[in-house]
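Please look over the sequence and the model before reading the notes. The points below take the surface and the charged pairs in turn.

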Amino acid sequence: MSDSDRFNLDGIAADKARIEEANRTQRTTRDRSTQKLIALTNLPWLIAIAAWLLWKYL
């Protein structure tokens with residue numbers, strides 16, 4: 001980016017659009033890659049609750 005475009009409103013709008021696109025791309029890739037990891041993180045809690053319920057009511 002040249003110095004004349006750096007402080008120009010068009011240059012600022014272009015930078016803002018580029019940052020928003022990068023954030024949107026990062027969010028979608030992060031969501032897809034971490035969904036299974038989050039599910040695995042919650043799995044021990046679900047097992048513990050199921051075991052406690054079985055112990056309490058059986």
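**Notes on the model**

1. R18 is exposed, with a relative accessible area of 52%. Exposed means over 50% relative accessible area, buried means under 20%, and partly exposed lies in between, for a 1.4 Å probe and protein chains only.

2. The model is predicted: local features need pLDDT of at least 70, side-chain atom pairs count only at pLDDT 80 or more, and totals for chains, interfaces and linings use all residues. Residues are numbered from 1 along each chain as its sequence is written, and side-chain values use heavy atoms, with hydrogens and water left out.

3. The chain has two helices and zero strands. Helices (H or I, at least four residues) and strands (E, at least two) are DSSP runs, numbered from the N terminus. Helix α2 covers residues 9-57.

4. Of the 58 residues in the chain, 2% are buried. The accessible surface of the chain is about 5600 Å², and carbon and sulfur atoms account for 63% of that surface. Such areas come from the Shrake-Rupley method with a 1.4 Å probe; for residues, only the protein chains shown count as cover.

5. Which residues form a nonpolar patch on the surface? They are I49, W52, L53, W55 and Y57, which together have about 640 Å² of accessible area. A patch takes residues with over 30% relative accessible area and no salt bridge; like charges are joined within 9 Å, and nonpolar side chains (Val, Leu, Ile, Met, Phe, Trp, Tyr) within 5 Å. W55 lies in helix α2 and counts as exposed because its relative accessibility is 67%.

6. How many salt bridges does a search of the whole structure find? The search finds two. A salt bridge is a side-chain nitrogen of Lys or Arg within 4 Å of a carboxyl oxygen of Asp or Glu. Side chains of opposite charge can pair when their charged atoms come close.

7. D15 and R18 are three residues apart in helix α2, so about one helical turn separates them. D15 is partly exposed at 26% relative accessible area, whereas R18 is exposed.

8. R24 forms a salt bridge with E21, and here the closest N and O atoms are 2.9 Å apart. The side chains of R24 and E21 are also joined by a polar contact of 2.9 Å. A polar contact is a pair of N or O atoms within 3.5 Å; within protein, one must be able to donate a hydrogen and the other to accept it, and residues adjacent in sequence count only if both atoms are side-chain atoms. R24 and E21 are three residues apart in helix α2, so they are separated by about one helical turn. R24 is partly exposed at 44%, and E21 is partly exposed at 40%.
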